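Here are a few exercises to work through with the model open beside you. Try each one yourself before reading its solution.

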Amino acid sequence: MNILKAIKQHWVNYKSARSEKTMWTELAQWLGIDSSAGNAMNEATFYACRKVLSEAIGKMPLKLMQKNNVTGIRAAMEHPLYDVVNVRPNPYNTSSSFWGTAEDDRAVYGNAYIWIQVTEKGTRLWRLNPAAVEVWYDNNKIIAEQPDIYYIYYVGAHRYYFASEEIIHLKNFEVKEGIIGRPVIARLKDTIESNVKAQALQRKMNENGITPKMVLHYTGDLNEELEKRFAKTIQKYADSDYADEGVRTVIPLPIGAELKELSMKFTDAQFLELKQYTSMQIAAAFGIKPYQIGDYTKSSYASAEAQQLSFYVDTLLYIIKQYEEELSYKLLSDEERKNGYYFKFNVASILRADTQTQIASLSQAVNSFLYTPNEAREYLDKPALPGGDKLLGNGTSIPVEYTGAQYIDLKEGEINGKRRG
């Protein structure tokens with residue numbers, strides 16, 4: 001079986017609901033999570049955390065940059081790898097979906113594996129199903145003569161071996177023996193199961209509608225069959241089965257019978273508080289802020305920009321740095337790295353302020369000789385204009401050695417001569 005065909009098939013399966021369920025079942029069994037408690041993949045907070053992380057990575061442009069003493073830092077758009085990481089990692093995936101899926105693998109499984117396929121037509125990147133990958137350190141030289149980390153990819157009865165330089169390996173922060181990432185949910189087994197059960201209880205309450213459970217008191221002695229028939233009749237009235245006949249809110253009871261409510265309210269068991277607490281635990285483990293999962297009760301940020309900056313510094317910075325380091329090492333040669341090439345996420349896409357703040361910041365950067373007008377216009381997606389590639393200033397800036405010269409009583413010629421010198 002061709003490895004590329006196998007990878008394509010696994011990608012198709014990954015997108016199907018059936019494969020998603022199978023993927024979670026295998027992962028839950030491996031982690032020791034009782035799948036009978038419910039499908040934890042559908043737990044609301046867990047799903048929201050996956051979504052936030054995946055979309056955050058997917059929405060940031062990933063670019064190949066170069067830094068040198070002549071041009072400074074620039075986008076290396078002429079390099080063949082620029083389009084691979086920024087536009088199309090392979091013929092079937094956009095950059096956004098590809099890196100978003102890689103982040104989802106890293107968050108769920110603790111590891112994301114990407115095969116680097118090098119052909120005459122160029123380099124392509126392919127996602128490997130983490131559930132089908134084993135990582136070996138071949139110190140006994142069983143696989144090859146050179147001790148190395150090898151990745152074994154299982155597809156049915158077939159096994160494919162990849163050396164460490166052929167696989168981009170993205171890991172969770174908790175790493176076993178420095179090689180394999182440990183899933184966050186491995187530490188959240190009880191917490192996730194608790195929230196799954198809470199959702200099941202809430203769903204059951206919703207299915208029962210607003211009618212609480214009742215205890216039917218009656219006098220007399222009825223056999224089991226008559227008890228069921230009596231209860232079914234009362235239940236029909238409670239469920240408004242006779243609404244078409246005009247009976248909607250009345251439940252007739254015979255003499256000696258009485259209905260009493262038997263129901264545990266959510267407030268009695270502090271249901272909402274406990275559910276919110278477990279949700280916050282799950283979100284905190286993923287580095288997700290409360291406002292990102294819909295909890296605004298303790299929001300103390302001054303602006304949306306401050307919220308995004310906090311999320312970037314506290315959560316994304318570590319993840320992004322790992323991506324950049326792994327890609328730069330696995331995709332670039334030693335010579336290219338020495339020539340200043342490196343991969344970089346454009347975090348400005350998630351840290352953009354409102355229009356007024358952007359314009360004020362860019363104007364200050366232009367007046368301070370940091371940006372040219374065309375560089376500032378490019379940031380706002382405006383076309384370059386003639387004469388806009390020169391550094392401009394406010395005209396009052398002077399070299400530091402001339403500070404205070406205006407207060408010295410010298411002839412104008414001496415000052416001008418000094419300035420010319």
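Predicted model: local features only at pLDDT ≥ 70, side-chain atom pairs only at ≥ 80, totals over all residues.

**Exercise 1. Find L362 and decide whether it is buried or exposed.**

Step 1: Start with helix α12, residues 355-367, where L362 has its place.
Step 2: Check the accessibility of L362. Its relative accessible area is 8%, and the cut-off for buried is under 20%, so L362 counts as buried.
Step 3: Look at what surrounds the residue. Leaving aside residues up to four places away in sequence, L362 touches Y371, A376, Y379 and L380.
Step 4: Take one of these contacts, A376. This residue is 14 residues from L362 along the chain, yet their C-alpha atoms are separated by 5.9 Å.

**Exercise 2. Work out which residues of α12 are buried and how they are arranged around the helix axis.**

Step 1: Begin with the span. The 13 residues of α12 reach 18 Å from first C-alpha to last, close to the expected 18 Å.
Step 2: List the buried residues of α12, which are Q358, L362, A365 and V366.
Step 3: Look down the axis of α12: the buried residues fall within an arc of 100°, so they line one face of the helix.
Step 4: Recall a general point. An α-helix has 3.6 residues a turn, so residues three or four places apart point the same way.
Step 5: Turn to the other side of α12, where Q356 and Q364 are exposed.
Step 6: Identify a cover for the buried residues of α12; helix α13 (373-379) is included in it.
Step 7: Go past the end of the helix. F369 follows α12 and has a positive phi, near 65°.

**Exercise 3. Trace the open sheet: what is the order of its three strands?**

Step 1: Read the order as β5-β6-β7, with antiparallel pairing.
Step 2: Find the edges. β5 (133-137) and β7 (158-163) each have a single partner strand, so one side of each lacks a neighbour in the sheet.
Step 3: Examine the pairing of β6 (residues 149-155) with β7, where six bridges join the two strands. Here V155 stands opposite H158 in β7.

Terms used: Residues numbered from 1 in each chain as written. Heavy atoms only, no water. Helix = DSSP H or I, 4+ residues; strand = E, 2+ residues; numbered from the N terminus. Buried < 20%, exposed > 50% of the residue type's maximum accessible area, 1.4 Å probe, protein only. Contact = heavy atoms within 4.5 Å. Expected span 1.5 Å × (residues − 1). Arc of directions from axis to C-beta. Pairing = 2+ DSSP bridges.
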